[in-house]
Amino acid sequence: MPLNALYGYYVFDHLEEAPRIFHITLFLGSVGLVLTTAFSLHHVFHDQMTLEQTLHREGHAVTPMNVQLAMAISTLPIFTAGVAYTSLWVPALGFVLELLIAIFSCIAIGSLVQYFLQALGEPPAPRRLMRKVPKRRWWCGSLCGGVNDLLPALGHFWSKEPHRLQLHDLRFAFRVVAFFIWSYVILSTWQAGVSMIPTQVERIPGGWCVYPKPIGSTMQVILIAFAVSSTFVGTAGLSIIAHGVAHALGEVDGDLSKEKYNVLKKAGVGQIYLQLPLLKVFMCLIPISYSSPKIMVPKLTTSTLLPSGGWQTSGDYVPCPIYDHDVVLHLMYCTVVITLMAYTSYHNMKLYIPSRDRDVAKKLREELESRLAATENDEDMQGTDTSAGNRP
């Protein structure tokens with residue numbers, strides 16, 4: 001039964017008839033929402049005072065872009081969890097609210113990628129820092145010496161031989177992540193739009209109710225495959241950018257004495273947003289539903305035009321289970337999203353400290369640029385000595 005058949009049905013008015021699984025999801029969702037709000041607000045307000053002092057001391061008229069991106073990444077879990085929690089109480093709005101979850105997730109992952117690339121500094125710093133990156137078959141899987149485990153086939157086109165990451169690799173990886181963002185939003189919009197198409201309810205054997213779907217089974221399989229592939233593609237792009245920036249900033253050198261930008265840890269937490277479409281696909285395979293309670297759904301049988309110009313309709317009411325597979329799947333999905341947002345907000349609180357990260361990134365860039373400059377000077381001197389030794 002589509003969720004929009006439950007318009008006018010609010011769970012908080014019928015708590016006594018809700019099945020046990022709803023009470024479990026409600027408890028987990030409430031705890032997750034409280035934790036997400038506490039972690040995110042504590043993080044934002046605790047660091048905001050220090051950040052304001054730093055920006056005032058440095059003379060910024062507006063907040064720098066990398067700081068704005070970090071604040072967006074830190075606060076988006078509250079909105080995502082809040083939307084998911086609302087959907088627990090008003091299941092009729094499920095597809096619309098899932099579209100909002102998709103939009104917030106895409107904003108978060110887009111901000112994360114921009115945040116990593118901002119750490120490389122302004123040109124020509126990114127080009128110079130890329131010289132620090134070792135030669136590897138980056139677009140291959142880890143078994144071939146790369147970092148792209150979910151889509152290693154790209155290594156056949158982009159990493160046939162070991163190479164250093166170039167700026168065009170980072171740009172292509174960014175476009176790959178953008179492909180995931182647009183795909184996720186378009187699929188969620190399509191799902192919400194299709195759910196709004198009015199069709200007549202049908203009662204099938206076993207007492208369940210279904211609505212004829214306006215798209216065929218073949219199209220549904222294509223959309224599922226597209227959702228799974230978009231997750232793989234987006235994860236591939238994020239892996240390339242995260243490992244490239246981590247190597248460029250020297251975070252994989254094994255020096256434990258210096259502060260780090262924590263690129264790989266932040267990317268690991270951010271991948272949660274990339275896995276949400278895949279999570280929804282896998283959760284569809286869980287066979288869980290409840291035959292009671294039921295709701296009376298109107299079904300139109302005849303419609304007659306009256307001589308006066310009006311309409312006369314007749315029909316009957318079909319008793320349909322409320323918590324069928326579609327509704328329970330939606331409740332479980334939103335509960336998992338809230339739980340993941342609590343996990344994300346906790347690690348964001350530990351990893352994103354804008355007042356510190358800006359200084360760390362700047363210090364790492366300066367250290368690496370000085371080392372690169374020293375290396376280039378040594379190479380120039382060796383070349384001069386060799387030339388002098390070859391003179392007659």
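In which helix is the place of Leu-28? Leu-28 lies in helix α1, which covers residues 20-58, where helices are DSSP runs of H or I with at least four residues, strands are runs of E with at least two, and both are numbered from the N terminus. The model is a predicted one, in which local features need pLDDT of at least 70 and side-chain atom pairs count only at pLDDT 80 or more, whereas totals for chains, interfaces and linings use all residues. Residues are numbered from 1 along each chain as its sequence is written, and side-chain values use heavy atoms, without hydrogens and water.

With a relative accessible area of 40%, Leu-28 is partly exposed, a class that falls between buried (under 20%) and exposed (over 50%), with a 1.4 Å probe and protein chains only as cover.

Elsewhere, strand β3 (residues 294-305) and strand β4 (residues 311-321) pair in the antiparallel sense over 11 bridges, pairing being assigned if DSSP finds at least two bridges between two strands. Within this pair Ser-303 stands opposite Thr-313 of β4, and in the hairpin, which has 5 residues between the strands, Gly-309 takes a positive phi near 100°.

The lining of the largest pocket draws at least two residues from each of α3 (94-118), α6 (167-195), β2 (209-210), α7 (217-248), α9 (276-283) and α10 (325-351); a pocket is an open set of points on a 1 Å grid over the protein atoms alone, where a 1.4 Å probe fits, with protein on both sides within 12 Å along at least five of seven lines, and lining residues have an atom within 4 Å of a point. Helix α6 gives the most to this lining, with 7 residues.
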